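Here is a short note for a colleague opening this structure for the opening look. Please keep the sequence and the model side by side while reading.

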Amino acid sequence: MGANVVHLALFKETEIDHAAEAIARLRELGVSDHDISVISGIPYSERILGRPMTWTTIGRIGLAGAVVGFLVAIFLSFGTPLLYPIRVAAMPFQPIPTSIVVIFELTMLGLLISTFIGVFVETISPSFGPRGYHPKISDGHIGILFSSPAQVEESIHATLQALGAEIVHNVEEERLWP
Amino acid sequence: MAVEAKPLETAVPLPHAEEDPREHLMFDPRPREVMNRMVMEAMTTTSRRYWAWVIGLALVVLVCLLGAWGNMILTGMGLAGIRRPVFWGLFIVTFVFWIGISHAGTFVSAILRVFKAEFRRPFTRAAELMTTFALAAGALYPLIHLGRVWVFYWLIPYPNARWLWPNFRSPLVWDFLAITTYLLSSTIYLYLPLVPDLAMARDRTTGWRHALYRLLALGWRGTEAEWHRLRRAITIFAFAIIPVMFSVHTIVSWDFAVGVVAGWHSTIFGPYFIIGAILSGVAAVVSILFVLRSTMLHMDYFIRKEHFDALGKLLLVFSMAWAYFFFNDYLLTWYGGEEAARRILTLHATGPAAWVWYLMLICNVVIPWLTLWNRTIRRTPWAMFIITLLINVGMYAERYTIIPLTLGHQRMPFDWGVYTPRPTEISIVIGTFALFLLLYLLASRLIPLVPVWEVQEGQMAHTLRKVGKAEVPSVTELE
Amino acid sequence: MAEERPAKWGLVVDLDRCTGCNACIVACALENNVPFVGEDEVAYGRALYWIRTQRYWEGEYPEVTPTFQPVMCQQCGNAPCEPVCPVYASVHSEEEQINLAVYNRCVGTRYCANNCPYFARVFNWFDYELPEPMRSYLNPDVTVRRRGVMEKCTFCVQRIVRGRQKARAEGRELRDGEVQPACVQACPAEALVFGDLSDPESRVSQLARSQRRYHLLEALGTLPRVTYLKGVGNHGG
């Protein structure tokens, strides 16, 4: 599979129906979903494209961050007054009402920061599926990246062109990020 | 025969320009390519006037903010007009003002996103930028107003040599935590939806800009996984940042409300401050949108009368809500009849600085109520600009009434005192306004100010459907 | 050596006796290294007095009589200034039952000063230089404060500590009246009486039980350690 070359079929932004159709055709022609990836300038849901659901761990990473933030807040508001007890006014060392404020803020901070870290880590970690890019994508084009065995290439290209696709052969992987 | 007497006159709708759905951005789609070019051109075009403003503002920041602040650090807080018993003055007033302004971005972008208010699409980024820079300007004030700013890090909880931690029972520490949380999360919330637009800018630039966008776009290609991830993260942020926003201004209000100071110790202060913050923030968004629309290329395509109209309606609602909370706070204090608090209310309305109090009521209530009900006024951008500037003047007056004017007349008449701001304070305040504008000006030429992908997404979801003879707007749920 | 009883220091101000002579202010300034800020600053309300005499006029002009009320930090048992400080520069002393100001820890948020209903706290707006030869009078027992720091009356805690140490060295308990803050010592009319409120026999406790007693802004629930004895009309000045 690694030897297969990657091709890109570009559809205009108004031709989302054709793009979705093209994905179905590719599948019929024996290109598996693993060898297809769709790149687009605006988000299209998997339902629109008829693709398997993607998944992400961001929610879980965010939740883990919230737990960390919560624990830090517990330490700061209930632990530190014990490390160095200082009496102020008639307040107890570990008052619950004021701790709620600290716990809320730090839990949210943990949740939000780790959500971002989740996005960042998932973005820079290696992804599966055919790679490649074309500047027309950010102009709203829908691109279907696929790698196909050489023997079916001809028929695939004919099918796609019939649907109005503009085919870019042998897409080179571009380094988009340092 | 009698039945089919006369042919019906053709019902041609009057050519009301306002009735035409194509007047709305969502029903006036342009190809993505064109919109990209418009945004890129707006971003890369600078005029001589632009640079004059940048240089001028940079000088003001240098002299009025850094110069005056530096001088105050070296000489002492005494350069400000604060005195016993008014220990907090313009610095805290302006701090509250900026934190209030910063609520707009989150409001426009998170709350309207959660409720799927489509008119938000073209200006979410402009509002988010405002949040971030208003916070940057506002977060300076807790530092500026410290008597010994060189030891500000004592407020940060970290294991230091003496194992002495900050006092988590102090509202100032909550402030520190809340503002840190809000600043970080609103900056990230600005950045996340920006990534696809940065990738767009990356594909269309060369040189240093290309290098910059390439770095910031994190290698964005627009794959399904990337979109999915981005959407999930934006959803988490939109929902989570709303309570953070509420908490931030509530905590700012607690700085006052937890004290024993007469006129501050009020349970309504939290929501009262939040409503005030949203009122001033949304007003500031309108002001900024007017400036963007009239100075930047192609912005009149993205930012239209409909947006001023929609925000104007929101402002009217918030102005009413503000009046409701204000009255609540006022009535109960007045009725409660505690001598000190009542005297403060009398003083606000009849004292030497009563004009501030009346200015607040006129700008926050009278002017919006008299003007914003009117559709024509709401759809006149320059009128909205003036009204929203006045609302912010009114909100500044509100904070001025609450802070120095209340502090000066507490329970011991012997210690009453009047506060007048001094040049150093005024200069620093002007300096932070310049800082905000400067940051905004620079950012407007560095990042795409319109979230193009969100606009295109919105335009794809909106179509005009023919029902009978009329073309009616219809929205498709794409997500 | 006997187990030391924790003291609860308190002050009684007899308004009938106060003549408004301001000797307490001078004594306090000298004892506590309170700098002079100059006329203009005093006029603007930036005097650094730790104790001040509040003068009110009673009656209609020309039939007016002044009343004097010396006000210093009330050393509240439930002090509003303490919990609001983010850096623990205003803390409660368990040993003396007074409210301490930690000058070296203060970052100058001035929150405590706003939250003090008695406005007993003063702020160092600038660095104040004592003129020569006043510099030689500085009390070595008291820290000098730099700009940007809050300060206030401490009941001359340095004298309390010294008195306690002396008594401990001599193996005895502190005698009533042995420790006196500078203002009490200087008061010619004996309007100020200082002592241990936890000892029911001390002079200050006896006076604090007087029928004329009241606390400043008692309704706020700050539990002040300073008791005022109401003036009954026989005003000195």
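1. Ground rules. This is a predicted model, in which local features need pLDDT of at least 70 and side-chain atom pairs count only at pLDDT 80 or more, while totals for chains, interfaces and linings use all residues. Residues are numbered from 1 along each chain as its sequence is written, and chains are lettered from A and ligands numbered from 1 in the order in which they are written.

2. Confidence. The model has an ipTM of 0.92 and a pTM of 0.93. Chain C has an average pLDDT of 90. In that chain, 96% of the residues reach at least 70. Here pLDDT is the predictor's confidence in each residue, from 0 to 100.

3. Chains A and B. Each chain puts 51 residues into this contact. Two residues are in contact if their C-beta atoms, placed from the backbone, lie within 7 Å. On the chain B side, the elements giving two or more residues are α1 (32-44), α7 (171-191), α8 (195-203), α9 (207-216), α10 (224-257) and α20 (452-461). Helices (H or I, at least four residues) and strands (E, at least two) are DSSP runs, numbered from the N terminus. Which element gives the largest share of this side? It is α10(B), with 16 residues. By class, the chain B side holds 28 nonpolar, 10 polar and 13 charged residues. Ala, Val, Leu, Ile, Met, Phe, Trp, Tyr, Cys and Pro count as nonpolar, Asp, Glu, Lys and Arg as charged, and the others, Gly among them, as polar.

4. Chains A and C. Here chain A gives 6 residues and chain C gives 9 residues. The chain A side has 5 nonpolar residues, no polar ones and 1 charged.

5. Domains of chain A. Domain 1 covers 6-54 + 128-168, and domain 2 covers 58-124. These bounds come from an automatic or database domain assignment. The C-alpha centres of the two domains of chain A are 45 Å apart.

6. A sheet in chain C. Four strands form an open sheet in the order β8-β1-β10-β9, with mixed pairing. Strands pair if DSSP finds at least two bridges between them. The edge strands are β8 (192-196) and β9 (213-214) of chain C.

7. Inside that sheet. Strand β1 (residues 9-14) of chain C runs antiparallel to β8(C), joined by 5 bridges. C:G10 faces C:G195 in β8(C). In β8(C), 5 of its 5 residues are buried (20 or more other C-beta atoms within 10 Å of the residue's own, all placed from the backbone; 12 or fewer is exposed, in between partly exposed).
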